[in-house]
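Open the structure in your viewer and keep the sequence beside it. The tour below goes from one selection to the next and says what is there.

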Amino acid sequence: MSTSKSQFRTPLSRARGLGASHHGVGHFISERVSGLALVPLFIWGAFAGIRLAGSDFDTVAAWVAIPINAVLLSLLFIALLVHLKNAIQVVIEDYVEAFAPKAALVIGNLFVCMLAGAAGIVSILKIAFTGAL
């Protein structure tokens, strides 16, 4: 007589679709969506960086002050940090076994990424609106 693992799950757990980690596929989807968003944004950012290489601060500030450039640069930064946060969290969850250090590292990862995001977006907006850092 063979038994499958699904026999040992409650109907509620099967309906929710949660796996062993108890947070479903949201993290997986977030990683894929942020990775997909990074492809065109990174290509745009690489071409912009190559084009602006060697330019002085005033030229770059004028470029950032163009609304579409400020928006795309902000989106690139946000997508990059979301992807980074998710990737680091997966590494922490996979390789840190004890609960307390794992929780501290996951929270620290979140705070560092949020702080970097806030500082980056404020800097981009300051340059975009004033033309100076």
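**The whole chain**

In the protein chain, 66% of the contacts with a separation of 6 or more are between residues 24 or more positions apart. Keep in mind that this is a predicted model. Followed along the sequence, the pattern is α-α-α-α-α. The protein chain has 133 residues, and 21% of them count as buried.

**Stop 1: helices α4 and α5**

Select residues 67–95, which are helix α4, and residues 99–130, which are helix α5. Packed helices are described by the angle between their axes and the distance between those axes. Here the axes come within 10 Å and cross at roughly 170°. Angles over 145 degrees count as roughly antiparallel, so α4 and α5 are roughly antiparallel to each other.

Now show the side chains where the two helices meet. On the α4 side they include Ala70, Leu73, Phe77, Leu81 and Ile88, and on the α5 side they include Leu105, Asn109, Cys113, Gly117 and Ile124. The residues of this contact divide into 16 nonpolar, five polar and three charged.

**Stop 2: Asn109**

Stay on helix α5 and pick Asn109. Is Asn109 buried or exposed? Its relative accessibility is 9%, so Asn109 counts as buried. Leaving aside neighbours within four places in sequence, Asn109 is in contact with Lys85, Ile88, Gln89 and Ile92.

**Stop 3: helices α3 and α5**

Angles of 65 to 115 degrees count as roughly perpendicular, so that is the description for α3 and α5.

To see the contact, select Ala61, Val64 and Ala65 in α3, then Ile124, Ile127 and Ala128 in α5. The residues of this contact divide into six nonpolar, no polar and no charged.

**Stop 4: the largest nonpolar core**

Select Ala48, Leu52, Ala61, Trp63, Val64, Ala70, Ile124, Ile127 and Ala128 together. These nine residues make up the largest nonpolar core. The elements that give two or more residues to this core are α2, α3 and α5. In soluble globular proteins, nonpolar side chains tend to be buried together.

**Stop 5: Ser34**

Move to helix α2, residues 26–52, and pick Ser34, which has its place there. With a relative accessibility of 5%, Ser34 counts as buried. Which residues does Ser34 touch, not counting those up to four places away in sequence? They are Ala79, Val82 and His83.

**Stop 6: the salt bridge**

How many salt bridges does a search of the whole structure find? The search finds one. Select Arg32 and Glu31 to see the pair, in which the closest N and O atoms are 2.9 Å apart. Side chains of opposite charge can pair when their charged atoms come close.

Finish by showing the surface around these two residues. Glu31 is buried, with a relative accessible area of 15%. Arg32 has a relative accessibility of 44%, so Arg32 counts as partly exposed.

Note on methods: Residues numbered from 1 in each chain as written. Predicted model: local features only at pLDDT ≥ 70, side-chain atom pairs only at ≥ 80, totals over all residues. Heavy atoms only, no water. Salt bridge = Lys/Arg side-chain N within 4 Å of Asp/Glu carboxyl O. Buried < 20%, exposed > 50% of the residue type's maximum accessible area, 1.4 Å probe, protein only. Axes fitted to C-alpha atoms, helices over the stretch in contact; angles between N-to-C directions. Helix = DSSP H or I, 4+ residues; strand = E, 2+ residues; numbered from the N terminus. Parallel < 35°, antiparallel > 145°, perpendicular 65-115°, else oblique. Contact = heavy atoms within 4.5 Å. Nonpolar A, V, L, I, M, F, W, Y, C, P; charged D, E, K, R; others polar. Core = buried A, V, L, I, M, F, W, Y, C linked by side-chain atoms within 4.5 Å.
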